Amino acid sequence: EALDRALSALAAVAETERAKREERWRPVARKVEQWVEVEAQARRDAGPVKALKNAENWLKEQSGLIRDRRFAPIAEHAQAIWSELRLESAVALDAVSLQGKTTNRRVELAVNVDGASASALGVMSQGELHALALSLFLPRMTTDDSPFRFLVVDDPVQSMDPIRVDGLARVLHKVSLTRQVIAFTHDDRLFEALRRLQLPATVWETTRQPGSRVTLVNALTPRQRYIQDAWQVAKTADKQVAARVVPGLCRMALEASFTLLTRRRRLGRGDRHVDVERAIEKAQRLNVKAALALFDDPERGGDVLSALNRQFGRAAGDAFK
């Protein structure tokens with residue numbers, strides 16, 4: 001009986017303790033049961049999930065291949081444009097590719113300098129970088145599926161060497177065969193290159209008047225501007241003033257024409273820009289400039305008058321003299 005009473009008391013204590021532990025364990029047990037159900041479902045779905053991940057990876061790979069195929073013509077066009085703009089540059093553009101994923105995407109430019117691989121940003125001058133930027137911009141804007149039939153560029157000549165300005169004029173001319181091209185610039189070199197290369201272009205000069213009123217006038221060549229100024233002075237100024245000013249303006253018109261002819265001939269046959277500019281700068285006297293234009297020989301200044309008289313009549317020789 002004593003044992004029975006002791007066991008009964010112990011059983012009561014044990015039941016109380018069990019109830020306490022059951023109360024603490026039950027919420028955790030429910031969570032464990034829920035987790036087990038989820039884990040079991042996850043095991044059942046592991047096969048389809050793996051297949052979906054494989055499909056996702058395949059889709060990303062195919063998307064990359066499609067992107068590369070679509071970008072390939074643009075990259076080839078960019079390389080072709082750079083080959084025209086890089087004249088006398090040691091930097092060659094080997095490849096243009098799209099790299100990266102999601103928010104870390106970039107354009108990779110593989111260049112080499114005299115055959116050695118290098119980073120474009122590390123070896124190219126500011127003018128070369130501008131030319132490279134145009135090489136990437138123009139193909140993208142002139143794709144067949146682009147809805148825009150015009151192109152606007154702002155100050156594309158910035159920091160460019162003279163030889164690259166010639167390449168830019170040719171590139172923009174090619175684009176203008178299928179697009180309307182509008183270029184804003186403060187630099188006369190693009191206009192000069194278009195004239196020298198005899199590429200058709202309509203050039204307007206803008207003048208800002210008081211009240212932000214902008215006027216447009218057809219741009220004149222330097223020769224035309226000097227002649228126009230000479231006519232205005234001849235018509236409006238005092239005769240003594242005109243007698244002193246008009247010949248100087250006419251001389252500057254002649255110098256501008258001689259310089260244009262010399263650049264057109266020498267650059268057209270492939271002479272380096274720096275050599276052509278050095279020869280023009282060295283020709284200080286009008287006879288020498290005329291000899292360069294007429295004979296391509298600065299030493300034949302003494303033959304200029306006779307050549308003018310022979311080809312255009314005494315009046316031309318007298319006017320030049």
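**Architecture and local geometry of the predicted model**

The protein chain comprises 11 helices and 7 strands. The model is a predicted one. For the protein chain, the radius of gyration is 40 Å, whereas a compact globule of 321 residues would have a value near 20 Å. The C-alpha trace spans about 155 × 55 × 35 Å along its principal axes. Burial covers 27% of the 321 residues. The accessible surface of the protein chain amounts to about 21900 Å². Carbon and sulfur atoms account for 55% of that surface. Contacts were also examined by sequence separation. Among those between residues at least 6 apart, 54% join residues at least 24 apart.

Two strand pairings are described here. In one, strand β4 (residues 150-154) pairs with strand β5 (residues 180-184). The pairing is parallel and extends over 5 bridges. The loop between β4 and α4 contains D155. D155 is not a glycine, yet its phi is positive, at about 50°. D155 has a relative accessible area of 23% and is partly exposed; the cut-off for buried is under 20%.

The other pairing is antiparallel. Strand β6 (residues 204-209) and strand β7 (residues 213-218) are joined by 6 bridges. T206 is bridged to L216 in β7. The hairpin of β6 and β7 has 3 residues between the strands. One of the hairpin residues, G211, takes a positive phi near 80°. S212 lies in the loop between β6 and β7. S212 also has a positive phi, of about 60°, although S212 is not a glycine. With 48% relative accessibility, S212 counts as partly exposed.

The structure holds 2 aromatic pairs. One of them is formed by F148 and F150. The ring centres of F148 and F150 are 6.0 Å apart, with 75° between the planes. The F148–F150 pair is edge-to-face, because planes over 60 degrees apart fall in that class.

Two helical residues illustrate burial. T262 is found in helix α7 (residues 239-268). T262 has a relative accessible area of 2% and is therefore buried, the cut-off being under 20%. Leaving aside residues up to four places away in sequence, T262 touches I280, K289, L292 and A293.

F295 is found in helix α9 (residues 286-295). F295 is buried as well, with a relative accessible area of 19%. This value falls under the 20% cut-off, so F295 counts as buried. Beyond residues up to four places away in sequence, F295 touches A290, R300, D303, V304 and A307. F295 and G122 are 173 residues apart along the chain. The C-alpha atoms of F295 and G122 are separated by 44 Å.

Methods: Residues are numbered from 1 along each chain as its sequence is written. This is a predicted model: local features need pLDDT of at least 70, side-chain atom pairs count only at pLDDT 80 or more; totals for chains, interfaces and linings use all residues. Side-chain values use heavy atoms; hydrogens and water are left out. Two strands pair if DSSP finds at least two bridges between them. Helices (H or I, at least four residues) and strands (E, at least two) are DSSP runs, numbered from the N terminus. The radius of gyration is taken over C-alpha atoms; the globule rule is 2.2 Å times the number of residues to the power 0.38. Buried means under 20% relative accessible area, exposed over 50%, partly exposed in between (1.4 Å probe, protein chains only). Contact means heavy atoms within 4.5 Å. Accessible areas come from the Shrake-Rupley method with a 1.4 Å probe; for residues, only the protein chains shown count as cover. Rings of Phe, Tyr and Trp (its six-membered ring) pair if their centres lie within 6.5 Å; planes under 30 degrees apart count as stacked, over 60 as edge-to-face and the rest as tilted.
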